[in-house]
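Subject: Handover of a structure and the findings from it

Dear colleague,

Please find below the structure that I am passing on to you. My notes on it follow directly after.

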Amino acid sequence: MRHVFRTPVLAATALAASLAALGGQALAADSALTGVHIVSHLDLAAGEQPENLTVEHDGSLDLTMSFARRVERLTPDGHLTTLATLPAPPAGTDVPLIGRAFVGGIVQAPDGTRYVTYAAGTDALTGVWQLPRHGAPRRVAALPAAAVPNGLALHRGQLYVSDSALGAVWRVPLGGGTATIWSQSPELAGAPGKFGANGLKVHRGAVWVGNFDRGTLLRIPVGHDGTAGPVRVTADGLGPVDDFDFTGHGDDVLVATNPGNEVELVRGDGSHSTVLTAADGLQNPTAVARRGDRVYVADAAYFTAADPNVLGARLNEGR
């Protein structure tokens, strides 16, 4: 069990210490988010480093615990339970870019079935996995061992998967089957050995992807025949984009920059400002999820190695 904490913003002395450790500077925060608090502190020693999250109808959070290969559920009253553990690859398996097995994105279908991405470094395990409501997890689409499937979204019966290693977006039928490359435009790639396409969402008839290495947010229209349209850079200069979610106000989007330790509000015109920093409790934010006026941020502490957590806030409708 994890207790729910609603702690205030960190004191100025704690911020200074965090900045000294990160070697960065905090920017003046935008007022788009209010009531910022820590929902739950997680246990680093137990491998509780959340890479992605989704919000259930009752307010519970489903979290992928990256290197622990687990999917866990955090209830509003603070209970943390394991929903599934994905099988480990053979000892010594080298996963591209990461080195070890990694559970990434998560999405929930209308019937409650969850799907996750898994980079395992083997042809036998890498791909999209289904977590049935009853029974063991099973792989429903295979991806090559060289792939690093990461972000995940569902749109009109298709799962869209970002590939951080191959610089691509894959498409998989929701019921499972053969994965096909939907887009492999140059804008999706990172430099050699760097993460490219990372977070992924579907919004207003387009697949949106963050490029971690280039610090860009990309929009790829879904054509009437389902094919990918031309890629457009909607924002750049964002730093290492990990994940994001839309605010519900046009194309405004909240973007988590992981080593940068910030959440940015990116407006429809491409301008952006900082809304959360280390002062708010961020510990290498990896994912953002919104339901209604509630916003949640997963902090994996990959680089700070201190206090992985889930942070909550409310969207300021008067912004």
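A salt bridge is counted here when a side-chain nitrogen of Lys or Arg lies within 4 Å of a carboxyl oxygen of Asp or Glu. The model is a predicted one, in which local features need pLDDT of at least 70 and side-chain atom pairs count only at pLDDT 80 or more, while totals for chains, interfaces and linings use all residues. Residues are numbered from 1 along each chain as its sequence is written, and side-chain values use heavy atoms, with hydrogens and water left out.

Salt bridges

Across the whole structure, the search returns 8 salt bridges. In one of them, the side chains of Arg114 and Asp62 meet at 2.8 Å, N to O. Arg114 belongs to strand 7 and Asp62 to strand 3, so this pair ties together parts that are 52 residues apart in sequence. Strands, like helices, are DSSP runs numbered from the N terminus (E, at least two residues, for strands; H or I, at least four, for helices). Arg114 and Asp62 are both buried, a term that stands for under 20% relative accessible area, with exposed meaning over 50% and partly exposed the range in between (1.4 Å probe, protein chains only).

Arg114 also forms a salt bridge with Glu56, again at 2.8 Å from N to O. Here strand 7 (residues 114–119) is linked to the loop between strand 2 (50–55) and strand 3 (61–65), and the two residues are 58 apart. Arg114 has a relative accessible area of 12%, and Glu56 counts as buried at 8%. A network of salt bridges links Glu56, Asp58, Asp62, Arg73 and Arg114.

A further salt bridge joins Arg204 to Asp251, with 3.8 Å between the closest N and O atoms. Arg204 sits in the loop between strand 14 (197–203) and strand 15 (206–211), and Asp251 in the loop between strand 18 (241–246) and strand 19, 47 residues apart. Arg204 is exposed at 59% relative accessible area, whereas Asp251 is partly exposed at 23%.

Aromatic pairs

The structure holds 7 aromatic pairs. Rings of Phe, Tyr and Trp (its six-membered ring) pair if their centres lie within 6.5 Å; planes under 30 degrees apart count as stacked, over 60 as edge-to-face and the rest as tilted. Phe67 and Tyr302 make a tilted pair, 5.7 Å centre to centre with 50 degrees between the planes. Phe67 lies in the loop between strand 3 and strand 4 (70–74) and Tyr302 in the loop between strand 23 and strand 24 (309–315), 235 residues apart. Phe67 is partly exposed at 22% relative accessibility, and Tyr302 is partly exposed with a relative accessible area of 22%. The rings of Trp208 and Phe246 have centres 5.0 Å apart and planes at 80 degrees, so that pair is edge-to-face. Trp208 is in strand 15 and Phe246 in strand 18, 38 residues apart; Trp208 is buried at 3%, and Phe246 is buried at 6%. Phe67, Phe102 and Tyr302 form one aromatic cluster.

Strands and sheet

The protein has 1 helix and 24 strands. Four of the strands form an open sheet in the order 1-24-23-22, with antiparallel pairing; two strands pair if DSSP finds at least two bridges between them. Strand 1 (33–41) and strand 22 (285–291) are the edge strands, each pairing on one side only. Strand 22 and strand 23 (residues 294–299) run antiparallel and are joined by 6 bridges, and Ala289 stands opposite Tyr296 in strand 23.

Elsewhere, strand 12 (residues 168–173) pairs with strand 13 (residues 180–183) in the antiparallel sense over 3 bridges. Val169 stands opposite Ser183 in strand 13. The hairpin of these two strands has 6 residues between them, and Gly176 there takes a positive phi near 100 degrees.

A buried valine

Val255 lies in strand 19 (residues 253–257) and is buried, with a relative accessible area of 0%. Beyond its neighbours within four places in sequence, Val255 is in contact (heavy atoms within 4.5 Å) with residues including Val241, Phe244 and Val263.

Overall figures

Of the 319 residues, 54% count as buried. Among contacts with a separation of 6 or more, 47% come from residues 24 or more positions apart.

Kind regards
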